[in-house]
Amino acid sequence: MISGYLEGLGMVLQVGTLLAIAGGTLLGIIMGALPGLTSAMAIALLLPVTFGMPPVMGIGMLLGALCGAGASGSIPAILLNIPGTPSSVATTFDGFPMAQKGEAGRALGLAIVASFFGGVASMVILSLLAPPIAEFALRFGAAEYFSLSIFGLVIIASVAGKSLLKGLIAGLIGFFASTIGTDPITGVGRFTFDQLSLLTGINLLPALIGLFAVSQVLKDAFEYDPRQRLEESTHRIDIARPRFLETLRHWKAVVAGILSGSIVGPIPGAGGSIASLVAYDQTRRFSKSPEKFGTGHAPGIVSVESANNALLGGALIPTLALGIPGEAATAVLLGGLMIQGITPGPLLFDDQSGTVYGIFLAYLAANVFMLLIMCLGIKLFIRVLMVPRKQLLAAILVFCFIGVYGVDGDVFNLYLMLGFGVLGYFLNRYDFGTAPVILGLILGPIAEANLRRGLQAFQGDWTPFFTRPISLTFLVIAVGLLALTLWQNYRGNRRSESNASS
Amino acid sequence: MKKLLSTLTLAAAMVVGGPALADDYPTKSIDMIVPFSAGGGNDTFVRALQPLLEKQLGEDLVIRNIPGGGGAVGMSRAVASKPDGYTLLAASNAMLTLEAMGNVPFTHNDFDFIAKVIEEPYVIAVGGDSQYANLEDLVNAATSGTTIKVGVSGVGSSAHIAAVAMANRTGAEFNIIPYPGGSEAISAAMGGHVDAVVLGGAELRSALQSGRLKALAMSYAERSDSLPDVPTFQEQGYDLTLTVWRGIAAPKGLPADVEKRWVDAIKQIVADGSYEQTAENLGTQVSPLYGDELDAFIDQSAEVMREAAGDLAK
Amino acid sequence: MERDIGKPIFDLLLLIASAAAFAAAMALPDIEIVGDLSPAFFPKLISAMIFLFAIPCLVKDVREWRAAVPAGGSRPANRRGVMQWLWIVGLTVVYILLFEPLGYIPSTAVFAFCCVIGLLIASGVWGELSASQRVKSLGGAAIFAIVLAVAIYYVFTDLFEIPLPD
């Protein structure tokens, strides 16, 4: 193994390879920072470039794009309250409030360092534990996926706005929206209104950008007051620097992020989008001061961003160990691996040649480049906030259009985006919140399809959902957390009532 | 009438496209619509071909992923675009599947097919330690009362239709369970959550190579070099021949010289052998087909799909 | 507590929408696969739950609305906000409509220009500006709009190979 690493190190430590990795990382950072452009697109764009390259160089470049995009999604989330991917939704919860307090630089500094820690830790886990974790992920059948999604839906309580009931309604709205399209089991069209674009259901990206970006623009438009000069002093550039020590002080949040990213992240099809939300939820729930979350609390950012880059390593586990990509980005990456003649699977890890170790080390290098580039850029990113409000609003909408249209060139999705924007605006205004809608949209199909797939496989028998150990564990945890939430909610209400009366 | 129409189209193309028509095609970058998201079989096939085609044609090939509607959105976009050779489509069986299911407002007759480039078989595979050693075992179990759960990618997908066709031709009754995509179906088979999967050979390649899954049969007429140990349905006595093919198509009315330019380019790439290794790494085979032969092949495949889809509707 | 009639109205709309969704779900075909719940099961369940949960919200919000003191006088800030909000929504619809027919650069430039100038007008600042300031604003917005549209178009189509309408 040592010799494998040395051989791999020899492959990575070449000028060409390092340049390729750095270039991939830079492109990933740029594309990840633009709302709507994804790491999958960055990797697909680079794919043809890598054909002529030796494996470690080519794959390193693709991994760089993956890593860069994973980290830079935090930039629009923090500065503008616009998450470009589902996994950076949770970054907005504390990142944006912190930025509004004028501490955008601090938020970015925390996010960058946490991303780096998450990425490095997940690389270590990937190289040491990939086969057993992959085996664990394989044990997820319909029952387990269903229970996982129920567990995930409990997170709604954490991300709901002022009212738990209204948060629940918002989650249900997302769940309902997810049933639009071709039914995953029978193939019947549901609420498609003969729209080709709706056949495969509501696309997550227009919904995401509408609910967060467009709704935020509408809010800003409503509150826009040209007489109110933006006090530039509120955005302090001098505090914009990487925050190693402060991040380390919140080591518990880092660990929660890494664990969640490495354990939930590898579950194909479900893990990637909820791992960071799980990390946020758990960090908040077991924090001594849960009420500070959502107001610009540092552990909130740290847990989410460390999870965000840890889940990339997590998503690589089934991709490399089983040849099963969990989502779009790793699916494109898998294509890149196969074109290079590298067949993923357990054999890849038994293979003592340096290539696989070279890939691990290239991923490590990508994380280092990500840290360097983001640190260099941090003062630049902040300047976005110096753009006058009305120009910024126009520019954000223009970028939203590119993100949504660029993905699949479908004008219908632009209407969908605007519709979700208007809906999101009112949901925010009347205390429902938009994050639960996204959770419902992501977890809804997993819950529904797996419940029905399971019932089909078990011939209508419900008991396996409760007797299969992993499934039962998730259900028990979900019920426990739900009870805890209701109790905390009840106590919180009591306290605020007694405060009000005293 | 037809001639008049094509003359009109030609004239229109001249007015709109300007120099596009002359023999100096191509003069600007060419859009290639991939009606699926990045990372799918269709996408990887074109992206691997992209640098080679750009070298042959001397212009940029811009790949546009237009997923949605199981390929329907991208394909309708292609149908609606000008047949000037600057908007092409990465075509595959999916088109014929959609047509057979009757969900889309176009048929394969609305396209001019330039070339079929690669193909792969449908494979039925079971877990590596499955009790079913061969197709015979599986079919016997299925016909003697055991419920065989078969995972496929996507309800109404071509794999789904292939699985139905397999069930019909072998007389076995399968409990077909649709997963959102190939990778979910493969992991379900690896984890023992389903008894078997039916998927394209490329998607199954790494799982088969690592021994996590075991192929019982594949749908070519004859054994293939990429899976030499896997018997065909035909040799096991079942009349079933299906292939997954991928190629290039254009909206109907493509000028003959443009088509020739493309056919020449692809022929050259195939002759160079530069694509062969890549195709093999992807678990597919280069099996080029052009012109009339190709049209006959497409018509026949469409017929097979329609039959199988009819079975699905039952 | 600010008195906002929108809150109970939104709850009411939710009730109506969920009832309509339930009705639409009733119309879904009932296909029986062994063991499977029908495709209509979840849409029905979810819309029913939204309906049930929206009732207590409506009751609570109506009560709060009644208890709140009505704000005195007209609220110019609020009216200005509504104008600005409607302007952005309307403009976005127009942008979508023109996006493909007009092509990327013209539609985007027009949108960005109208967005900036429209906000100036809707906010009432426009009327206070002198003629020379107006010319300056118009020129500034025009330059911003054109630079933004052209720069984005070339960066995204050439560098990132993201197709945008011609």
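Are A:Lys166 and C:Asp61 buried or exposed? Keep in mind that the model is a predicted one. Both residues are buried. They form a salt bridge, with the closest N and O atoms 2.8 Å apart. This pair crosses between chains: A:Lys166 sits in helix H9 (residues 164–178) of chain A, while C:Asp61 belongs to helix H2 (residues 41–67) of chain C.

That contact is one of 27 salt bridges found over all chains in a search of the whole structure. Another one joins A:Asp183 to A:Arg190, where the closest N and O atoms are 3.7 Å apart. A:Asp183 counts as buried because its relative accessible area is 0%, and A:Arg190 is buried as well, at 1% relative accessibility.

Now turn to helix H13 (residues 271–285) of chain A, which holds both A:Arg285 and A:Asp281, 4 residues apart, or about one turn of the helix. Their side chains meet in a salt bridge of 3.2 Å, N to O, and both residues are buried. Elsewhere, A:Glu103, A:Arg106, A:Arg243 and A:Glu246 are joined into one network by salt bridges that share partners.

Finally, let's visit the surface. A:Phe136, A:Trp251, A:Val255, A:Leu259 and A:Ile263 make up a nonpolar patch there, with about 470 Å² of accessible area together. Helix H12 (residues 251–263) of chain A contributes the largest share, 4 residues. A:Ile263 is placed in this helix. With a relative accessible area of 45%, A:Ile263 is partly exposed, because partly exposed covers the range between buried, under 20%, and exposed, over 50%.

Key
Residues are numbered from 1 along each chain as its sequence is written. Chains are lettered from A and ligands numbered from 1 in the order in which they are written. This is a predicted model: local features need pLDDT of at least 70, side-chain atom pairs count only at pLDDT 80 or more; totals for chains, interfaces and linings use all residues. Side-chain values use heavy atoms; hydrogens and water are left out. Patches are made of residues with over 30% relative accessible area and no salt bridge: like charges are joined within 9 Å, nonpolar side chains (Val, Leu, Ile, Met, Phe, Trp, Tyr) within 5 Å. Accessible areas come from the Shrake-Rupley method with a 1.4 Å probe; for residues, only the protein chains shown count as cover. A salt bridge is a side-chain nitrogen of Lys or Arg within 4 Å of a carboxyl oxygen of Asp or Glu. Helices (H or I, at least four residues) and strands (E, at least two) are DSSP runs, numbered from the N terminus. Buried means under 20% relative accessible area, exposed over 50%, partly exposed in between (1.4 Å probe, protein chains only).
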